[in-house]
Amino acid sequence: LFSQSHFLCMPVRAEDFGCVFAEAAAFALPSLTTHIGGLPTTVGREGDEHGEAGILFPFQEQPQAIAERAHRLLDDRTAYDQLAASARGRYDALLNWETNSDRLLDLLRAHV
C-alpha cells in the first residue's frame, strides 16, 4: 500500500514514536501527522511544521486544512519529490534498524 500512496496521513491524538512513520519513510512516503508526543523525533525537527519526513500539524488542526496542504504539495511536484526524498534520507540516516542497533552497541561498549 505504501508504494501506491502519496502520503501516510495519520493525525494521531497520542503517540510515543510511531514506527509506522519510519516504515513510510523507508518507502519515501511523506507523513502527514500531528505535532504531538515523540512524532517530531520520527517525522522531523521539533518545533518545525516541515519535518524531514513529512508535515507536522498542530494538534487541533482541522482535517480540511490537512487535505488542502496535501493537495498543494501534490500540485507542486518538485516540492513533493523533495519531501519524499527527504523522508527516505531521514530513514537512511536515523530511522532504520541497522543504524539504531549500531548506536545502541556503541553506547553499551562505551559503558563496559
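User: How far apart are the closest N and O atoms of the salt bridge between arginine 90 and glutamate 52?

Analyst: Arginine 90 pairs with glutamate 52 in a salt bridge (a side-chain nitrogen of Lys or Arg within 4 Å of a carboxyl oxygen of Asp or Glu). The model is predicted, so local features need pLDDT of at least 70, side-chain atom pairs count only at pLDDT 80 or more, and totals for chains, interfaces and linings use all residues. Numbering runs from 1 along each chain as its sequence is written, and side-chain values use heavy atoms, without hydrogens and water. For this pair, the closest N and O atoms are separated by 2.4 Å.

User: How many residues apart in sequence are the parts that this pair ties together?

Analyst: Arginine 90 sits in helix H4, while glutamate 52 belongs to the loop between helix H2 (39–43) and strand S3 (54–57). Helices (H or I, at least four residues) and strands (E, at least two) are DSSP runs, numbered from the N terminus.

User: Is H3 roughly parallel or roughly perpendicular to H4?

Analyst: The axes of H3 (residues 63–75) and H4 (residues 77–95) come within 5 Å and cross at roughly 105°. Axes are lines fitted to C-alpha atoms, for helices over the stretch in contact, with angles from 0 to 180 degrees between N-to-C directions. Angles of 65 to 115 degrees count as roughly perpendicular, under 35 as roughly parallel, over 145 as roughly antiparallel and the rest as oblique. H3 is therefore, relative to H4, roughly perpendicular.

User: Which residues of H5 make the contact with H4?

Analyst: H4 and H5 pack at about 25° with their axes 6 Å apart, which makes them roughly parallel. Contact means heavy atoms within 4.5 Å. H4 contributes Asp92, Ala93, Leu94 and Leu95, and H5 contributes Trp97, Thr99, Asn100 and Arg103.

User: What does tyrosine 91 touch, not counting residues up to four places away in sequence?

Analyst: Tyrosine 91 has its place in helix H4. Its C-alpha atom is 9.7 Å from that of glutamate 52, 39 residues apart along the chain. With residues up to four places away left out, tyrosine 91 touches Ala22, Ala25, Ala26 and Asn96.
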